[in-house]
Amino acid sequence: MHRVAISSTGLYIPPHVITNEELVASFNCFAAQENKEHAAAIAAGTRQPIPQSSIEFIEKASGIKQRYVMEKSGILDPQRMRPRLQVRPDSEISLMAEIGVAAARDALARAGRQPEDIDGVICACANMQRAYPAMAVEIQTALGIQGFGFDMNVACSSATFAIEMAVNAVKTGSARAILVVDPEITSSHLAWKDRDCHFIFGDVCTAILIERLENAPAGAFEVLGTRLLTTFSNNIRNNAGYMWRSEDRNPDDRDLLFYQEGRKVFKEVCPMAVEHITSHLAALGLAPDAVRRFWLHQANLAMNQLISRRLLGRDATPDDAPVILNEFANTASAGSIIAFHRHHDDIQAGDVGVICSFGAGYSIGSVVLRRT
Ligand code: CO8
């Protein structure tokens, strides 16, 4: 068995920013148009008007101030409310693989690694661009990696679950090094016309290089343990899938995009995450107050404050549990990895940190790290 480390991470940031001001202005224009169009039904009481969205609500309820997206004009067009993405010919690399390659190159460069040092690519994210061939194989081919690639999906916990797959492969010797790549183009799966969730998500891509500790650069993070948990819940769903054509579904059916019971998710997932992290640490002989930093999933600021307060028995500072969702919004599986990527330089040798994701499924994944 080999000891395993995270040697580096990489980040791709999409080219466009949508501020809450721009988002709310566009939504409110859409709502006014719809209400005008259906004025008679609203007056007759057979239809409810669409209420206005508000910047104050979004910032207070979530902590999100802006989000990055791959394409902005289509999302903000009140007649459209979804990104304008081009169909690419089969001869071109897919959009998800393209941003995956960019994040992977960043991770490779930071560790000083070449494609020949890597044996596999796992593309792990909440929504796949297509069923096959796998985006991971495209990324592998574009980078010139000899070996294997496969896609996997565990919603917001895709990255942490993939880290466990990669750690196990490196530990047992079936691979020397694996790249986990998390392209999240959430803007294509978000119901921008739904006031309850139109502010929640953003696009991004992260990459994580996992390799044998003996080969890892100085300052790499040894993986002390990984732990995964799933418990079925209907509170976060997306029913889009290849059977919808046979089911004669309308492409505009609301359940073919992300939808959730946000309050229930908040109430149910926070205690699960606390219990998961505490028991994982205990199994490694560690207490939460021995942890230098928690890189938590980035869905909601109050959720992270509650989880870290319960873990530490006091209010957590941004130094204890850094926040990136104000800038990126919820980027599904990439959120905790962005937090790690942006906030690990000051961690000292010997310090312990925890990456933890939580989301649809429900799914929770934790990775306990110690800096070398
Ligand atoms: N503007 C103004 N008012 C609003 C708005 C708005 N935009 N939206 C809702 N309101 C109103 C509501 O109508 C309600 O009014 P009333 O009290 O009169 O009924 C009031 O504000 C309060 O609404 P909520 O109870 O819904 O508000 P909350 O305080 O619960 O906040 C949140 C809503 C922010 C959604 C919060 O519940 C939350 O963040 N919960 C956690 C959710 C979470 O973590 N989900 C994880 C999902 S992600 C995941 O796992 C992976 C999915 C894959 C991703 C990819 C695809 C896109």
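Student: Which residue has a polar side-chain atom 2.8 Å from an oxygen atom of the ligand?

Tutor: That residue is N300. Please keep in mind that this is a predicted model.

Student: How much of the ligand does the protein bury?

Tutor: The protein buries 76% of the 1,200 Å² that the ligand exposes when taken alone.

Student: And what about the nitrogen atoms of the ligand, which backbone atoms lie 3.1 Å from one?

Tutor: There are two cases to mention. A polar backbone atom of S54 is 3.1 Å from a nitrogen atom of the ligand. For G262, a backbone N or O atom lies 3.1 Å from a ligand nitrogen atom.

Student: How many residues surround the ligand?

Tutor: The ligand is surrounded by 28 residues, and the closest are C156, R195, Q260, N300 and A360.

Student: How do the residues of that shell divide into nonpolar, polar and charged?

Tutor: The shell around the ligand has 14 nonpolar residues, 11 polar ones and three charged ones.

Student: Which element gives the most to the shell?

Tutor: That is α8, which contributes three residues.

Student: New topic: how many aromatic pairs are found in the whole structure?

Tutor: A search of the whole structure gives eight aromatic pairs. One of them is formed by Y68 and F328; this pair is tilted, with 5.1 Å from centre to centre and 55 degrees between the planes.

Student: Where in the chain are Y68 and F328?

Tutor: Y68 belongs to strand β3 (residues 66-69) and F328 to helix α10 (residues 325-328). The two are 260 residues apart, and the pair thus links distant parts of the chain.

Student: Now the backbone. Which residues does the cis peptide bond with omega of about -5 degrees join?

Tutor: That bond joins Y132 and P133. P133 is located in the loop between β4 (120-124) and α6 (135-143).

Student: And what is the peptide bond from G361 to Y362, cis or trans?

Tutor: The bond from G361 to Y362 is cis, and its omega is near -10 degrees. Y362 lies in the loop that runs between β12 (352-359) and β13 (363-371).

Student: Last one: which residue has a positive phi although it is not a glycine?

Tutor: M81 does, with a phi of about 60 degrees. M81 is found in the loop between α4 (73-76) and α5 (95-111).

Technical notes. Residues are numbered from 1 along each chain as its sequence is written. This is a predicted model: local features need pLDDT of at least 70, side-chain atom pairs count only at pLDDT 80 or more; totals for chains, interfaces and linings use all residues. Side-chain values use heavy atoms; hydrogens and water are left out. A residue is near a molecule or strand if one of its heavy atoms lies within 4 Å of it. A polar contact is a pair of N or O atoms within 3.5 Å; within protein, one must be able to donate a hydrogen and the other to accept it, and residues adjacent in sequence count only if both atoms are side-chain atoms. Accessible areas come from the Shrake-Rupley method with a 1.4 Å probe; for residues, only the protein chains shown count as cover. Helices (H or I, at least four residues) and strands (E, at least two) are DSSP runs, numbered from the N terminus. Ala, Val, Leu, Ile, Met, Phe, Trp, Tyr, Cys and Pro count as nonpolar, Asp, Glu, Lys and Arg as charged, and the others, Gly among them, as polar. Rings of Phe, Tyr and Trp (its six-membered ring) pair if their centres lie within 6.5 Å; planes under 30 degrees apart count as stacked, over 60 as edge-to-face and the rest as tilted.
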